[in-house]
Amino acid sequence: MGLYYTMPELILAGGIILIVLIGFFLRNKTTNLHGLLTLAIFTASVGYAIFAWSFYKTPMMLFGNMIRTDQFSAYFRILADVAAGLTVLMALRNKSLAEKFNSEFYTFLTGAVLGSHLLMMSTNLVMVFISLELLSISSYILAGYSFNKKGAEGSLKYFLFGSAASAIMLYGFSILFGITGTLEFTSENFTNNLSVNQSMLVVVAAIMAFAGFLYKIAAAPMHVWSPDVYEGSPMPVIAFLSVVPKLAGIVVLTKMAMAFAVTTVPFDWQLVLAIIAMLSIGIGNLSALWQNNAKRMMAYSSIAQSGFLLIGVVCLTPQSMQAFLFYSALYLAANYVVFISLQAFEKNSINSIPSFGGAGRSFLFLSIVLLGGLISLSGIPPTGGFTSKLFVFASLWASYEQTGKSILLWLLLFGLLNTVISLFYYLKIPYYAFLKTPESSLLPENTSFENFLAFLLVVGVLFFFIRPDFLMGWLNTINFVL
Amino acid sequence: MTNLTPSEILLALVLILPLVSAGVSFIIPERYSWATSLTAPLLLLVTAILSFVLFFTSEDLQVSAVWFSIGATEIPFSLLLDAASRLMIVVVSTVSFLVHLYSMGYMGYDQKITRYFGMLGLFTFSMLGIVLANQLILTFVFWELMGFSSYMLIGHWMEKPAAARAAQKAFLFNRIGDAFMLIGILITWIQQTSGNDPFWQTTGVICIFLGVVGKSAQLPLSFWLPDAMEGPTPVSALLHAATMVAAGVFLLIRINPLLTEPALTVIAITGIATALFGAVCALNQFDIKKILAYSTVSQLGLMITAIGLGAKDAALLHLFTHAFFKAGLFLAAGSIIHALSHQPNNTLDVQDIRNLGGLRKKLPVTFMVFCVTGASLAGVPLLSGFLSKDSILTAAWNLSHPTTQFLFTALILIVSFLTVLYTFRMIRFVFLGNESQATLHESPWVMRIPMILCAVASSWLLVSLNPLHISGWFIHSFPGAEASAIASIISAVTVLIALIAAVLLYSKQTSPKTIVMLQNGFGVDSFYQRTIGSAVLYFASAAEATDKKVLDGFLHFIVYAHVSIAHGIAWFDQYIIDGVVDTSARLVKWAGSFTRSFQGGKIQLYIFWAVAGLIIFLFFVLI
Amino acid sequence: MSLISLALYIFEALAGAAALGILLVRNVFHAALLLIVCLISLAGVFVIYNAEFIAVTQILVYAGGVLVLIVFGIMLSSRIAGKPLVVTNQYVLPASLAGILSAGILIKLFSEQPFAQQPGALPGNPMNQTGIALMRDYVLPFEIAGILLLIALIGAAVTASSFYSKKQ
Amino acid sequence: MEHTLILSSILFAAGLMTVIVKRNAIMVLIGIELMLNAANLNLVFFNRNNPALSGHFFALFVIVVAVCEAAVGLAIVLRVYKYYQTSIPDQLTELKD
């Protein structure tokens with residue numbers, strides 16, 4: 001019975017084995033078959049999740065209370081699959097990835113997606129840990145996939161930071177287990193025992209546990225790794241890392257925060273999360289101002305975006321959850337627009353921001369599409385990014401009115417102020433592209449596929465500005481049992 | 001949306017055509033950029049004609065569709081065509097068309113003319129959007145779009161560092177206002193859904209007003225406007241005189257029902273303070289475009305004051321008349337700049353009135369336009385400015401509380417007094433006096449026609465049949481704008497006194513000064529007889545007969561007061577405002593390099609920072 | 001003091017001493033050996049806490065697997081570098097501050113916390129129970145662990161393969 | 001029984017310090033293993049009277065994960081060796097601001 005509900009995960013797990021096997025037979029051959037097969041796997045997974053959407057209406061506990069399927073997690077699983085599918089499309093167009101260990105690349109990608117699926121559904125600390133590790137270990141290897149000096153360094157840094165963070169998280173889990181005597185953190189047993197045994201130790205354990213999630217979503221103060229890792233990784237991997245682990249981390253963080261929010265723990269959760277969100281937004285935006293490397297700049301941008309995503313968790317109201325769901329989808333789309341165009345530019349050896357000078361002339365269409373993505377990320381109309389920020393801030397305001405906590409107001413003001421700051425660096429690339437003269441003349445390579453793909457996504461982003469209710473209406477039907 | 005009425009189609013066309021123009025301009029390749037300077041004005045001409053048709057034929061019209069919904073609340077996409085917006089679309093599209101036409105001559109040789117016209121089209125589109133939007137979030141969307149296009153237009157000559165800096169300054173100041181505005185919109189919106197709390201309503205409205213303060217260059221955010229004069233002059237005429245800066249005033253007119261009593265007080269005080277400030281500043285500038293910019297600040301202050309006093313129709317009327325005469329002034333100024341800067345071996349700053357003089361004979365058309373529009377700005381009877389200023393004065397005059405009545409009436413009179421002074425000063429030093437330039441040619445016809453049209457639009461006929469009192473054919477647009485006879489007389493007398501004072505002040509001066517030395521002689525040069533007219537001469541001689549000392553002392557007082565205030569303001573602008581801008585930019589950069597300094601590439605140090613961060617966090621929570 | 005609790009104290013003291021030793025020694029190889037000591041003492045502690053299966057896994061997997069890997073890595077890397085295995089320390093002061101603070105906070109809070117005495121006792125035959133529960137309650141993590149091992153295996157192979165490739 | 005928890009705290013802190021202090025990637029790895037073992041000790045200790053044996057299972061999976069991490073980690077270390085001829089993590093500063 002449970003297998004019906006976890007069919008997407010079964011597809012992914014079977015897919016991993018299939019890709020490995022095909023990889024054996026097609027050794028030493030440069031072929032797109034692996035990529036297309038992986039794409040088919042993700043499509044099947046998304047297809048099933050949409051087909052079985054009504055299945056997930058009532059939450060189901062499965063596999064001895066290890067995981068729970070519901071529409072909330074199903075939505076994010078779809079997003080993760082879509083992101084992974086786009087990553088595959090990017091990887092297919094990336095020559096350096098096609099040369100070496102092609103089938104393995106897709107194995108790790110599928111493994112990471114499987115890990116994120118399970119992480120989003122987990123209701124048990126064991127599952128959280130093991131699926132987080134599946135996601136992490138796959139990501140460590142993916143981060144080193146450029147097979148050069150920088151890639152190796154980025155991979156090692158990611159690995160060392162990641163393992164230290166997950167060890168800290170695990171220690172927090174072990175203390176939580178000691179206090180509550182159960183690993184099922186959504187169960188009543190867990191919350192009751194937590195309420196009975198209020199102490200500072202709970203706080204310590206919770207912060208240690210959150211550290212692992214914060215690392216996964218690259219939020220302050222666990223964000224330090226991301227710029228270095230992003231700079232060393234190939235473009236499809238960065239695009240993947242900036243979306244899928246982030247969403248998975250925040251989903252499980254939401255569930256965990258919910259468990260703490262219903263108990264009467266001796267300190268203010270909203271305060272802590274709000275400060276983390278503010279720190280992430282501030283640090284990400286301020287540091288990004290200085291960057292001259294497009295990848296690094298996007299790393300800081302993704303740190304700041306984590307902060308905005310966290311606002312949904314800070315409020316923990318149904319309205320804020322809807323805003324969070326909406327924001328995630330728009331963030332995914334805009335982020336992939338940017339990375340797809342950046343990859344196309346990279347192909348024409350445009351890497352640093354000054355080298356974008358005059359690119360608007362040689363790659364007019366691509367530059368316009370990139371501008372659309374960046375504008376959406378910064379949250380200016382007429383893009384869905386504006387609408388999503390509007391939803392998030394509106395829910396924050398509503399939450400402030402409800403609770404009257406001044407920290408929420410500060411978060412709102414800080415967030416608004418930072419959308420201003422973020423403009424300065426998001427518009428840096430278009431500024432160079434359109435208003436500067438080229439440093440050297442370029443021989444444009446064919447980027448029509450990238451143009452098309454990014455254009456489709458930009459159309460989506462613009463569409464959700466005009467008709468956000470198209471998605472919002474669907475999100476309204478989601479049942480929020482966390 | 002199946003059966004569109006003709007008016008609805010017209011409305012959609014008026015809104016869309018500028019956008020089409022922008023799109024066409026962007027699509028046309030650089031080689032054929034000359035084509036842009038034909039398509040863009042043509043499309044705008046069609047827009048202007050259609051808006052006139054709409055103005056004369058249409059009923060009040062509301063188009064509404066569900067845009068999206070958040071939870072249970074639905075956000076409509078709603079356009080409203082009422083008396084105010086009908087008038088505004090005419091203003092926007094007409095002035096925009098005139099500016100397009102003028103730009104054909106003025107920007108003829110510019111390299112990036114396609115971008116210029118594209119942005120102009122986008123700007124017009126967003127301005128029309130603001131005018132028509134019947135919903136605050138939609139307004140905000142257009143508002144931001146307008147901010148973006150104005151940023152691009154101010155910084156059109158990006159290679160000039162001053163232009164890039166001005167664009168950034170304008171952007172920054174506007175974003176500060178916009179951040180508050182978004183908060184205000186959210187508050188207002190939530191207020192509408194969940195009960196009416198007067199406190200929150202006031203807060204929300206004041207937050208929106210702060211957005212208006214940014215866009216309409218009110219105190220304390222007015223300092224970007226003079227800097228924005230680095231942009232092309234036609235842009236200044238369109239954005240910084242007729243439309244964009246007026247968008248804030250228009251928004252206040254739209255949300256007028258929401259304004260609470262305390263909010264009105266705040267608005268009125270801000271407005272009158274800005275009006276005074278702008279007027280004093282305008283009197284102390286040498287740059288002809290900056291004088292006009294400060295004058296715009298001052299006039300916008302008057303409109304805001306009118307709204308604060310509850311006379312929104314007076315504000316709209318002044319907005320309407322101001323759009324034309326100020327656009328005319330800017331276009332004339334542009335014509336001067338154009339004529340002078342196309343002269344060979346010209347090394348002087350052509351915008352500095354100290355370097356100008358005696359242009360009357362060389363540029364007769366420009367001179368006439370400048371005189372007519374300037375007189376309208378000064379509020380000389382028989383011109384539109386007199387009537388609209390009169391209605392604002394009447395609003396102050398009709399206030400119920402005697403103290404506020406006196407205070408506001410007096411302050412508005414002082415503002416109009418100063419307006420006359422600086423207008424006259426400008427005309428005196430630019431057109432009269434010694435001829436300094438050798439050979440000049442009047443601007444081409446494409447530039448002359450818009451100027452002349454603006455001058456014609458500055459006559460009283462635009463507003464009313466009766467040249468001295470508002471009544472007649474446009475009255476149905478301004479049901480609340482009324483003028484009392486006493487106010488008219490007071491206003492006229494003030495203008496006359498001011499004219500006399502101006503003549504006395506500036507006639508003997510050979511070059512403009514900021515610290516104006518008063519000359520004792522009240523003799524009137526023969527050369528004024530042909531310029532301002534015999535009336536001035538008559539009143540001037542009459543004034544000579546009046547108590548010299550009273551007038552003398554009064555003028556002394558005015559001059560010294562304004563000199564010291566102006567110095568204070570210049571200091572404030574240079575050190576405080578620029579200082580704040582620079583400091584905040586530096587602070588942001590410094591904070592950025594601080595947060596970045598953790599990224600030394602050393603992974604073990606990273607881990608340490610992360611752990612340290614967690615421990616600090618822990619202490620923060622535990623204590 | 002019973003014999004069992006004496007054994008517990010000895011194992012724990014050994015484990016603690018070995019951990020501190022790792023912190024102090026300068027030679028990577030010695031550190032690896034001290035890790036073995038620490039792990040085996042911990043296995044002893046696990047046995048005393050009735051976790052025989054964990055203890056066995058600890059010895060088999062850690063001592064037999066991880067440590068061989070680590071020693072292998074040490075030898076490979078030292079062969080390339082041709083340098084002695086001595087490591088120096090860095091950031092000693094901030095690190096000790098962080099370490100002592102975290103240990104201090106944890107010990108203080110552990111001593112203040114009244115841990116819930118869970119009802120019931122361990123089943124009589126834990127090993128048997130473990131096997132059954134592994135295939136019943138924990139079947140999903142068990143399967144995931146299989147995939148994880150597969151991924152890690154391929155990943156390690158892919159990552160290390162460039163070690164021998166000629167391209168620099 | 002608190003001494004077990006004290007031991008686990010010490011193991012954790014010692015692991016953390018090893019991670020930061022030692023100028024060798026393999027030593028960092030050893031430090032991480034120490035931290036994982038501290039958590040394992042906690043899990044087993046807290047499971048003294050729990051018939052569900054959840055702590056034991058968690059510890060078991062932690063060991064499995066530790067193996068995977070060690071394998072992947074060492075492979076990455078070896079690769080870094082190939083490019084940089086060093087295993088001192090702090091000397092890898094090609095990627096920085």
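Modeller: A:His34 is buried, with a relative accessible area of 2%. Buried means under 20% relative accessible area, exposed means over 50%, and partly exposed is in between, using a 1.4 Å probe and protein chains only. This is a predicted model, where local features need pLDDT of at least 70, side-chain atom pairs count only at pLDDT 80 or more, and totals for chains, interfaces and linings use all residues. Residues are numbered from 1 along each chain as its sequence is written, chains are lettered from A and ligands numbered from 1 in the order in which they are written, and side-chain values use heavy atoms, with hydrogens and water left out.

Biologist: Where is A:His34 found?

Modeller: In helix 3 of chain A, residues 33–51. Helices (H or I, at least four residues) and strands (E, at least two) are DSSP runs, numbered from the N terminus.

Biologist: Which residues is A:His34 in contact with, leaving aside its neighbours within four places in sequence?

Modeller: A:His34 is in contact with A:Ile22, A:Gly23, A:Leu26, A:Asn102, A:Ser103 and A:Tyr106. Contact means heavy atoms within 4.5 Å.

Biologist: Now chain A as a whole. How many helices and strands are there?

Modeller: Chain A has 23 helices and two strands. Its radius of gyration is 21 Å, close to the 23 Å that the globule rule gives for 482 residues, so chain A is as compact as a globular protein of that length. The radius is taken over C-alpha atoms, and the globule rule is 2.2 Å times the number of residues to the power 0.38. Along the principal axes, the C-alpha atoms of chain A fill a box of roughly 70 × 55 × 40 Å.

Biologist: And how many of the 482 residues count as buried?

Modeller: In chain A, 72% of them. Of the contacts in chain A with a separation of 6 or more, 80% come from residues 24 or more positions apart.

Biologist: Take helix 21 of chain A. Which of its residues are buried?

Modeller: Helix 21 spans residues 428–435, and its buried residues are A:Lys428, A:Ile429, A:Pro430 and A:Ala433. What covers them includes helices 15 (294–315), 16 (318–347), 17 (359–362), 18 (364–378) and 20 (406–426) of chain A.

Biologist: Salt bridges next. How many over all chains?

Modeller: The structure holds 14. A salt bridge is a side-chain nitrogen of Lys or Arg within 4 Å of a carboxyl oxygen of Asp or Glu. One of them joins A:Asp70 to A:Arg68, with the closest N and O atoms 3.2 Å apart. Both A:Asp70 and A:Arg68 are buried.

Biologist: What does A:Glu153 form a salt bridge with?

Modeller: With A:Lys157, the closest N and O atoms being 2.8 Å apart. A:Glu153 and A:Lys157 sit four residues apart in helix 8 (residues 149–180) of chain A, about one turn of the helix. An α-helix has 3.6 residues a turn, so residues three or four places apart point the same way.

Biologist: And what about A:Lys347 and A:Glu450?

Modeller: Their side chains meet in a salt bridge, 3.2 Å from N to O. This pair links distant parts of the chain, with A:Lys347 in helix 16 and A:Glu450 in helix 22 (residues 448–466) of chain A, 103 residues apart. A:Lys347 is partly exposed, with a relative accessible area of 25%, whereas A:Glu450 is buried, at 2%.

Biologist: Which residues do shared partners join into one network?

Modeller: Salt bridges that share partners join A:Lys150, A:Glu153, A:Lys157, A:Asp228, A:Glu231 and A:Arg296.

Biologist: Last one, chain D. What is the pattern along the sequence?

Modeller: Chain D reads α-α-α, with three helices and zero strands. Its radius of gyration is 17 Å, well over the 13 Å that the globule rule gives for 97 residues, so chain D is more spread out than a compact globule. Of those 97 residues, 81% count as buried.
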